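Here is a short report for a first look. Keep the view open while you read.

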Amino acid sequence: MKETVIRLAGPQVEVPDMLLARDGRAAAQKKLLERYHRPLLFFTQNIPGPVKTSA
């Protein structure tokens with residue numbers, strides 16, 4: 001059986017970076033809810049590992 005090789009590219013994301021991104025999303029959601037007073041759907045991805053981008 002042939003082994004699949006996945007090459008990851010891009011910077012590694014550290015925990016503080018992920019927390020800042022989460023806080024930014026929360027602030028954006030709060031701003032939209034306060035502005036429009038409507039239900040909000042917000043989608044995110046859970047990507048395992050320290051590298052969050054690939055080819």
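Helices (H or I, at least four residues) and strands (E, at least two) are DSSP runs, numbered from the N terminus. Helix H1 covers 15-36, and Leu-40 lies in the segment after H1. Gly-49 also sits in the segment after H1.

This is a predicted model: local features need pLDDT of at least 70, side-chain atom pairs count only at pLDDT 80 or more, and totals for chains, interfaces and linings use all residues. Residues are numbered from 1 along each chain as its sequence is written, and side-chain values use heavy atoms, without hydrogens and water.

Buried means under 20% relative accessible area, exposed over 50%, and partly exposed in between (1.4 Å probe, protein chains only). Of the 55 residues, 2% are buried. Two residues show the middle class:

| Residue | Relative accessible area | Class |
|---|---|---|
| Leu-40 | 33% | partly exposed |
| Gly-49 | 42% | partly exposed |

Gly-49 is 35 residues from Glu-14 in sequence. Their C-alpha atoms are 9.9 Å apart.

The protein exposes about 5,600 Å² (Shrake-Rupley method, 1.4 Å probe). Carbon and sulfur atoms supply 59% of that area.

What lines the largest pocket? Its lining includes Val-13, Asp-17, Arg-25, Asn-46 and Lys-52. The pocket's volume is about 230 Å³. A pocket is an open set of points on a 1 Å grid over the protein atoms alone, where a 1.4 Å probe fits, with protein on both sides within 12 Å along at least five of seven lines; lining residues have an atom within 4 Å of a point.

Technical notes. Grid points are joined across faces, edges and corners, and a volume is the space filled by probe spheres set on the points.
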